[in-house]
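I opened the file today to look up strands, ring contacts and a pocket. My notes are below the display.

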Amino acid sequence: MFLSGSAAAAFVPFAAPLHAQTANRLDPGGLTFRDFGTPDNGSSFTRGEQSIGGGTTQKFTRVLGIDPATQAVRLRFESIKIELLLPMGWQASEDGERAVAYTFDKRIRLIVWRVDFTFEGVKDAEHYAATKAGSIKARRPGVQAQARKLRDGSFVIVYENVPKGPSDSSGPRTVFDLVIPDPRNPKVGVLVTLGMPTAEAGRGLQLLALITENMRIDWQ
């Protein structure tokens with residue numbers, strides 16, 4: 001859910017080098033999953049269930065296939081009906097409304113959600129992206145948020161100077177949002193959120209590109 005805040009300044013050009021990476025589309029820039037994982041033949045993606053804070057249960061997601069050549073693992077997140085290709089050495093789980101994946105030390109974290117724009121109080125993906133960027137800036141002074149529409153109709157938002165979380169050993173962090181509208185129904189979409197230490201953020205958009213270009217969304 002959004003907090004109130006002005007979104008008028010959300011759609012502004014990215015500062016270099018982010019501008020060069022997002023002129024029209026996300027691009028891996030020659031990087032592969034090998035650059036973000038650990039070769040363990042997929043063993044880190046444990047099957048079963050685990051208990052997390054508050055008594056909530058998360059289910060480890062289903063492994064569909066392992067590709068040693070690219071050092072990537074394909075997983076099915078049934079709760080959101082999405083398949084992701086992720087680096088080896090990561091871990092992943094899901095609850096009733098989101099998919100979660102992260103490096104073993106949780107330095108890099110990924111969350112994928114389904115979004116109902118009407119429920120969130122906005123009319124479409126563009127309104128959602130602009131409102132969220134403006135809201136975060138209003139809610140957290142010092143955080144810089146920039147949003148851009150890509151050629152495929154999705155919207156990328158970059159949040160810089162994000163305070164580190166309680167479990168983070170270093171900070172600040174940079175967070176990337178990609179808002180993907182349903183091509184047949186503009187009132188719903190998918191939100192992909194990727195966060196990492198700012199010191200590593202130079203590769204963040206490339207990793208987001210790798211993950212999203214290999215993502216399979218069941219829109220039905």
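The entries that follow go from the strands to the rings and then to the pocket.

I worked from a predicted model. I looked up the open sheet and found four strands in the order 3-4-5-13, with antiparallel pairing. Its edges are strand 3 (62-67) and strand 13 (216-217), each of which pairs on one side only. I then checked strand 4 (residues 72-77) against strand 5 (residues 82-87) and found six bridges in the antiparallel sense. Arginine 76 has glutamate 83 in strand 5 as its bridge partner.

**Entry 2, strand 7 and its neighbours.** Is strand 7 enclosed or open to the outside? Four of the five residues of strand 7 (residues 98-102) are buried, so I noted the strand as largely enclosed by the rest of the structure. Strand 6 (residues 91-94) runs antiparallel to strand 7 and is joined to it by four bridges. I noted glutamine 91 with tyrosine 102 of strand 7 as its bridge partner. Three residues lie between strand 6 and strand 7 in the hairpin they form.

Strand 7 is also joined to strand 8 (residues 109-116), by five bridges and again antiparallel. Here alanine 99 stands opposite valine 112 in strand 8. The hairpin of strand 7 and strand 8 has six residues between the strands, and lysine 106 in its turn has a positive phi of about 60°. I also looked at the side chain of lysine 106: its charged end sits over the ring of tyrosine 102, 5.3 Å from the ring centre.

How many aromatic pairs does the whole structure hold? My search found one. It joins phenylalanine 117 and tyrosine 128 in a tilted arrangement, with 5.5 Å from centre to centre and 55° between the planes. Phenylalanine 117 is in the loop between strand 8 and helix 2 (125-139), while tyrosine 128 is in helix 2, 11 residues apart. I checked the burial of both against the cut-off of under 20%. Phenylalanine 117 counts as buried because its relative accessibility is 0%. Tyrosine 128, at 5%, counts as buried too.

I read off a volume of about 240 Å³ for the second largest pocket. It is lined by 13 residues, of which Asp152, Ser154, Leu178, Thr212 and Glu213 are the closest to its centre. Strand 11 (173-182) and helix 3 (204-213) each supply at least two residues of this lining. I sorted the lining by type and got seven nonpolar, two polar and four charged residues.

Note on methods: Residues numbered from 1 in each chain as written. Predicted model: local features only at pLDDT ≥ 70, side-chain atom pairs only at ≥ 80, totals over all residues. Heavy atoms only, no water. 1 Å grid on protein atoms, 1.4 Å probe; cavity = no way out; pocket = protein on both sides within 12 Å on 5 of 7 lines; lining within 4 Å. Points joined across faces, edges and corners; volume = space filled by probe spheres on them. Nonpolar A, V, L, I, M, F, W, Y, C, P; charged D, E, K, R; others polar. Pairing = 2+ DSSP bridges. Buried < 20%, exposed > 50% of the residue type's maximum accessible area, 1.4 Å probe, protein only. Phe/Tyr/Trp six-rings, centres within 6.5 Å; stacked < 30°, edge-to-face > 60°. Lys NZ or Arg CZ within 6 Å of the ring centre and 35° of its normal.
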